[in-house]
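Please keep the sequence and the 3D view open while reading.

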Amino acid sequence: IRITHAFHPRSDELLAPLLKVTGRKTVAGKVVDDPRRHYCLYKARLPYPLLAGDIVQVSAAAQAVSNRGKAIGVGDFTAVNAVVRGRIARLNADGTLDPTFNPGTGADAFVNAVAIQSDGKIVVAGGFNAMNSVGRAGVARLNQDGSLDNTFTPGLGADGIVTAMALQADGTILLAGEFTHFNNSVRNRLVRLGTNGLVDAS
């Protein structure tokens, strides 16, 4: 996206579709919605003004690409192209929203990690406590159509934010973050879950 006029962010927080300005350092921020536009915006307080002609790159907090070339994007947004998508959405290869993937109300707080299993199911993690209005603290698994996978039941889940996730070859899931318990079991900032979502005691 090319900036068409200068911004001076020192006076106010800037709402702009930002992650990286070409030739300058990456900026940190938060994906938010702006009702004035039909796309998600990146909110950041920049250490420098944007100049006319600067190029910016848009990104979600995390993404994963399926074997069909579709991208799952997660973050802290609530809509994509004016269509409600609660912090998780799937895009077609051409960048359009995939309407066959519908997570309902989605996550009730930010999602910052996503991974696609070999069977096509999608595991997401972050700071949420519910997925599509069903209790899922920190981690949830979705079916390929975006619906909640009820065979993955992590119980009370994490008592803090999940900041990172990795899928292992045997199907188990590693989570790391700011938690000390998972489903009432002591797990200081690292836990491994079985394919059913329960703590792997081994």
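Asp149 counts as buried because its relative accessible area is 3%, where buried means under 20% relative accessible area, exposed means over 50% and partly exposed lies in between, with a 1.4 Å probe and protein chains only. The model is predicted, so local features need pLDDT of at least 70 and side-chain atom pairs count only at pLDDT 80 or more, whereas totals for chains, interfaces and linings use all residues. Residues are numbered from 1 along each chain as its sequence is written, and side-chain values use heavy atoms, with hydrogens and water left out.

**Salt bridges**

- The structure holds 5 salt bridges, a salt bridge being a side-chain nitrogen of Lys or Arg within 4 Å of a carboxyl oxygen of Asp or Glu.
- The buried Asp149 forms one of them with Lys121, and the closest N and O atoms of this pair are 3.1 Å apart.
- This pair links distant parts of the chain, since Lys121 lies in the loop between S11 and S12 while Asp149 lies in the loop between S15 and strand S16 (162-167), 28 residues apart.
- Asp98 forms a salt bridge with Lys70, with 3.0 Å between the closest N and O atoms.
- Asp98 is placed in the loop between strand S10 (88-91) and S11, and Lys70 in the loop between strand S6 (62-65) and strand S7 (71-74), so that this pair too joins distant parts of the chain, 28 residues apart.
- Arg192 forms a salt bridge with Asp200, the closest N and O atoms being 2.9 Å apart.
- Salt bridges that share partners join Lys70, Arg90 and Asp98 into one network.

- Asp98 counts as buried because its relative accessibility is 2%.
- Lys70 also counts as buried, at 18% relative accessibility.
- Arg192 counts as partly exposed because its relative accessibility is 27%.

**The sheet with S11, S12 and S15**

- Three strands form an open sheet in the order S11-S12-S15, with antiparallel pairing; strands are DSSP runs (E, at least two residues) numbered from the N terminus, and two strands pair if DSSP finds at least two bridges between them.
- Strand S11 (111-116) and strand S15 (139-142) are the edge strands, each pairing on one side only.
- Strand S12 (residues 122-126) pairs with S15 in the antiparallel sense over 4 bridges, and Ala125 has Val139 in S15 as its bridge partner.
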